[in-house]
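Please examine the sequence and the structure shown below. The paragraphs that follow lead from the chain as a whole to selected parts.

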Amino acid sequence: MRSLLVIHDRAPAAERPLAPSAQARPESTLRSHGYFVFGTSSKDQAAHLIRDADAAIMQLPIHSIHAWGDRLLQFKALPLLWWCDEEAAAQSLEACEDDIPIDGLLTPSMTGSEIHWALHIGAKQFMERRQWLSEREQLLGRIEERKWIDIAKKILCEIKNVTESEAYDILRKQAMNERKRMVDVATSIVKVHQLLQENKERGTRRR
(Lines give C-alpha, C1' and ligand atoms only; values in the text may rest on other atoms or scores of the structure.)
Protein backbone atom coordinates (compact mmCIF):
# COMPACT_ATOMS: atom_id res chain seq x y z
CA MET A 1 0.00 0.00 0.00
CA ARG A 2 1.96 2.99 -1.31
CA SER A 3 -0.48 5.36 -3.05
CA LEU A 4 -2.74 7.32 -0.73
CA LEU A 5 -5.58 9.76 -1.39
CA VAL A 6 -5.98 12.42 1.31
CA ILE A 7 -9.42 14.03 1.64
CA HIS A 8 -9.66 17.49 3.23
CA ASP A 9 -12.66 19.38 4.54
CA ARG A 10 -14.11 22.07 2.28
CA ALA A 11 -14.45 24.54 5.15
CA PRO A 12 -12.33 27.70 4.65
CA ALA A 13 -9.41 28.02 7.04
CA ALA A 14 -11.02 31.08 8.68
CA GLU A 15 -14.00 28.97 9.77
CA ARG A 16 -11.90 26.22 11.32
CA PRO A 17 -11.26 26.23 15.08
CA LEU A 18 -7.57 25.52 14.61
CA ALA A 19 -5.13 26.28 11.79
CA PRO A 20 -2.54 23.50 11.49
CA SER A 21 0.79 24.31 9.96
CA ALA A 22 1.81 22.94 6.57
CA GLN A 23 4.06 20.44 8.35
CA ALA A 24 0.99 18.97 10.11
CA ARG A 25 -0.80 18.22 6.85
CA PRO A 26 -1.06 14.50 6.10
CA GLU A 27 0.61 14.90 2.69
CA SER A 28 3.82 16.22 4.24
CA THR A 29 4.00 13.51 6.89
CA LEU A 30 3.11 10.63 4.57
CA ARG A 31 5.45 11.73 1.78
CA SER A 32 8.30 12.00 4.27
CA HIS A 33 7.83 8.28 4.95
CA GLY A 34 7.92 7.30 1.28
CA TYR A 35 4.24 7.27 0.31
CA PHE A 36 2.91 8.63 -2.96
CA VAL A 37 0.16 11.03 -1.91
CA PHE A 38 -2.66 12.93 -3.64
CA GLY A 39 -4.70 15.52 -1.75
CA THR A 40 -8.06 17.06 -2.59
CA SER A 41 -11.21 18.62 -1.13
CA SER A 42 -13.14 18.22 -4.39
CA LYS A 43 -15.44 15.23 -4.80
CA ASP A 44 -15.15 15.42 -8.57
CA GLN A 45 -11.36 15.44 -8.40
CA ALA A 46 -11.41 12.62 -5.83
CA ALA A 47 -13.41 10.48 -8.26
CA HIS A 48 -10.52 10.82 -10.73
CA LEU A 49 -7.65 10.42 -8.25
CA ILE A 50 -9.11 7.42 -6.44
CA ARG A 51 -8.34 5.15 -9.40
CA ASP A 52 -4.65 5.06 -8.44
CA ALA A 53 -5.13 5.05 -4.66
CA ASP A 54 -4.64 2.07 -2.33
CA ALA A 55 -6.38 3.79 0.59
CA ALA A 56 -8.15 7.06 1.43
CA ILE A 57 -7.04 9.15 4.39
CA MET A 58 -9.82 11.36 5.78
CA GLN A 59 -8.64 14.62 7.34
CA LEU A 60 -12.22 15.47 8.26
CA PRO A 61 -14.44 15.80 11.29
CA ILE A 62 -16.15 12.49 12.01
CA HIS A 63 -19.59 13.71 10.92
CA SER A 64 -18.30 14.36 7.37
CA ILE A 65 -16.87 10.88 6.83
CA HIS A 66 -20.16 9.11 6.06
CA ALA A 67 -20.96 11.32 3.05
CA TRP A 68 -17.41 11.13 1.74
CA GLY A 69 -17.21 7.38 2.25
CA ASP A 70 -20.46 6.82 0.35
CA ARG A 71 -19.25 9.06 -2.45
CA LEU A 72 -15.89 7.30 -2.81
CA LEU A 73 -17.55 3.88 -2.71
CA GLN A 74 -19.41 4.75 -5.90
CA PHE A 75 -16.07 4.78 -7.71
CA LYS A 76 -13.87 2.32 -5.83
CA ALA A 77 -13.98 0.24 -2.65
CA LEU A 78 -10.83 0.86 -0.61
CA PRO A 79 -9.73 1.20 3.03
CA LEU A 80 -10.79 4.43 4.77
CA LEU A 81 -8.60 5.75 7.57
CA TRP A 82 -9.15 8.81 9.74
CA TRP A 83 -6.34 11.35 10.09
CA CYS A 84 -6.95 12.28 13.71
CA ASP A 85 -5.09 15.55 14.21
CA GLU A 86 -5.99 18.22 16.77
CA GLU A 87 -8.33 20.02 14.39
CA ALA A 88 -10.30 16.97 13.24
CA ALA A 89 -10.57 15.67 16.80
CA ALA A 90 -11.86 19.04 18.10
CA GLN A 91 -14.58 19.06 15.44
CA SER A 92 -15.67 15.50 16.27
CA LEU A 93 -16.33 15.59 20.01
CA GLU A 94 -20.12 15.30 19.60
CA ALA A 95 -19.84 12.30 17.24
CA CYS A 96 -18.03 9.86 19.52
CA GLU A 97 -20.93 7.39 19.54
CA ASP A 98 -21.58 7.53 15.78
CA ASP A 99 -21.15 4.40 13.67
CA ILE A 100 -18.47 5.56 11.26
CA PRO A 101 -17.22 3.40 8.35
CA ILE A 102 -13.48 3.77 8.99
CA ASP A 103 -10.92 0.98 9.00
CA GLY A 104 -8.18 2.61 11.03
CA LEU A 105 -6.68 5.76 12.46
CA LEU A 106 -3.53 7.77 11.75
CA THR A 107 -2.07 10.65 13.76
CA PRO A 108 0.58 13.27 12.90
CA SER A 109 2.90 11.95 15.62
CA MET A 110 3.19 8.42 14.19
CA THR A 111 6.54 7.09 13.07
CA GLY A 112 7.04 5.48 9.68
CA SER A 113 6.73 1.99 11.18
CA GLU A 114 3.56 2.93 13.04
CA ILE A 115 2.00 4.32 9.85
CA HIS A 116 2.98 1.18 7.97
CA TRP A 117 1.29 -1.08 10.54
CA ALA A 118 -1.76 1.19 10.83
CA LEU A 119 -2.25 0.96 7.06
CA HIS A 120 -1.65 -2.79 7.07
CA ILE A 121 -4.16 -3.39 9.86
CA GLY A 122 -6.57 -0.95 8.19
CA ALA A 123 -6.42 -2.99 4.98
CA LYS A 124 -7.26 -6.18 6.91
CA GLN A 125 -10.09 -4.42 8.73
CA PHE A 126 -11.40 -3.17 5.37
CA MET A 127 -11.51 -6.72 3.97
CA GLU A 128 -13.33 -7.97 7.07
CA ARG A 129 -15.80 -5.07 6.90
CA ARG A 130 -16.49 -5.73 3.21
CA GLN A 131 -17.02 -9.42 3.95
CA TRP A 132 -19.43 -8.61 6.77
CA LEU A 133 -21.38 -6.17 4.58
CA SER A 134 -21.55 -8.75 1.79
CA GLU A 135 -22.86 -11.42 4.17
CA ARG A 136 -25.37 -8.97 5.63
CA GLU A 137 -26.60 -8.03 2.15
CA GLN A 138 -26.99 -11.71 1.22
CA LEU A 139 -28.90 -12.39 4.43
CA LEU A 140 -31.25 -9.46 3.85
CA GLY A 141 -31.74 -10.66 0.28
CA ARG A 142 -32.71 -14.14 1.47
CA ILE A 143 -35.13 -12.65 4.01
CA GLU A 144 -36.72 -10.55 1.26
CA GLU A 145 -37.01 -13.61 -1.00
CA ARG A 146 -38.59 -15.62 1.83
CA LYS A 147 -41.13 -12.85 2.31
CA TRP A 148 -42.29 -12.99 -1.32
CA ILE A 149 -42.45 -16.80 -1.27
CA ASP A 150 -44.48 -16.83 1.95
CA ILE A 151 -46.98 -14.29 0.57
CA ALA A 152 -47.31 -16.28 -2.68
CA LYS A 153 -47.92 -19.49 -0.72
CA LYS A 154 -50.75 -17.85 1.23
CA ILE A 155 -52.31 -16.66 -2.04
CA LEU A 156 -52.10 -20.15 -3.54
CA CYS A 157 -53.52 -21.69 -0.37
CA GLU A 158 -56.50 -19.35 -0.59
CA ILE A 159 -57.11 -19.63 -4.35
CA LYS A 160 -56.41 -23.35 -4.84
CA ASN A 161 -57.50 -24.52 -1.38
CA VAL A 162 -54.22 -26.35 -0.75
CA THR A 163 -51.86 -26.69 2.20
CA GLU A 164 -48.70 -24.57 2.55
CA SER A 165 -46.61 -27.62 1.66
CA GLU A 166 -48.62 -28.16 -1.51
CA ALA A 167 -48.43 -24.46 -2.34
CA TYR A 168 -44.64 -24.63 -1.99
CA ASP A 169 -44.55 -27.61 -4.39
CA ILE A 170 -46.64 -25.66 -6.88
CA LEU A 171 -44.18 -22.75 -6.75
CA ARG A 172 -41.19 -25.06 -7.08
CA LYS A 173 -42.63 -26.94 -10.06
CA GLN A 174 -43.65 -23.74 -11.82
CA ALA A 175 -40.16 -22.31 -11.30
CA MET A 176 -38.62 -25.48 -12.78
CA ASN A 177 -41.00 -25.46 -15.75
CA GLU A 178 -40.35 -21.78 -16.49
CA ARG A 179 -36.64 -22.06 -15.65
CA LYS A 180 -36.91 -19.24 -13.17
CA ARG A 181 -36.02 -18.73 -9.54
CA MET A 182 -38.78 -19.48 -7.06
CA VAL A 183 -38.68 -15.91 -5.79
CA ASP A 184 -39.29 -14.58 -9.31
CA VAL A 185 -42.32 -16.85 -9.75
CA ALA A 186 -43.58 -15.90 -6.28
CA THR A 187 -43.14 -12.17 -6.99
CA SER A 188 -45.12 -12.49 -10.23
CA ILE A 189 -47.96 -14.32 -8.46
CA VAL A 190 -48.14 -11.67 -5.70
CA LYS A 191 -48.11 -8.75 -8.13
CA VAL A 192 -50.76 -10.31 -10.40
CA HIS A 193 -52.93 -11.05 -7.37
CA GLN A 194 -52.54 -7.48 -6.11
CA LEU A 195 -53.47 -6.13 -9.56
CA LEU A 196 -56.57 -8.35 -9.73
CA GLN A 197 -57.60 -7.22 -6.24
CA GLU A 198 -57.20 -3.56 -7.19
CA ASN A 199 -59.27 -4.03 -10.37
CA LYS A 200 -61.93 -5.85 -8.36
CA GLU A 201 -62.11 -3.00 -5.85
CA ARG A 202 -62.43 -0.43 -8.64
CA GLY A 203 -65.25 -2.44 -10.20
CA THR A 204 -67.05 -2.61 -6.86
CA ARG A 205 -66.84 1.17 -6.40
CA ARG A 206 -68.36 1.82 -9.85
CA ARG A 207 -71.51 -0.12 -9.06
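What share of the contacts in the protein chain with a separation of 6 or more comes from residues 24 or more positions apart? Such residues account for 65% of these contacts, where contact means heavy atoms within 4.5 Å. The structure is a predicted model, in which local features need pLDDT of at least 70 and side-chain atom pairs count only at pLDDT 80 or more, while totals for chains, interfaces and linings use all residues. Residues are numbered from 1 along each chain as its sequence is written, and side-chain values use heavy atoms, with hydrogens and water left out.

The protein chain has seven helices and five strands; these are DSSP runs numbered from the N terminus, with helices being H or I of at least four residues and strands being E of at least two. Along the sequence, their pattern is β-α-β-α-β-α-β-α-β-α-α-α. Of the 207 residues in the protein chain, 36% are buried. Buried means under 20% relative accessible area, exposed means over 50%, and partly exposed lies in between, with a 1.4 Å probe and protein chains only.

Six of its six residues are buried, so strand 1 is largely enclosed by the rest of the structure. From this strand, S3, L5 and I7 point one way, whereas L4, V6 and H8 point the other way. Strand 1 pairs in the parallel sense with strand 2 (residues 36-40) over five bridges, and L5 stands opposite F38 in strand 2. Strand 1 also pairs in the parallel sense with strand 3, over five bridges; here H8 stands opposite Q59. Two strands pair if DSSP finds at least two bridges between them.

Q59 itself lies in strand 3 and, at 9% relative accessibility, counts as buried. Its side chain makes a polar contact with the side chain of D85 at 2.8 Å. A polar contact is a pair of N or O atoms within 3.5 Å; within protein, one must be able to donate a hydrogen and the other to accept it, and residues adjacent in sequence count only if both atoms are side-chain atoms.

In soluble globular proteins, nonpolar side chains tend to be buried together. A nonpolar core is a set of buried Ala, Val, Leu, Ile, Met, Phe, Trp, Tyr and Cys residues joined through side-chain atoms within 4.5 Å. The largest one here has 20 residues, of which L5, I7, M58, I65, W68 and L72 touch the most other members. Strand 1 (3-8), helix 2 (43-49), strand 3 (55-59), helix 3 (62-73) and strand 4 (80-83) each supply at least two residues of this core. Helix 3 gives the most, with four residues. Apart from this core lies another, of 15 residues, including C157 and L171.

The aromatic residues complete the picture. A search of the whole structure finds one aromatic pair. The rings of F36 and F38 have centres 5.0 Å apart and planes at 80°, so the pair is edge-to-face. Rings of Phe, Tyr and Trp (its six-membered ring) pair if their centres lie within 6.5 Å; planes under 30 degrees apart count as stacked, over 60 as edge-to-face and the rest as tilted. F36 is exposed, with a relative accessible area of 52%.
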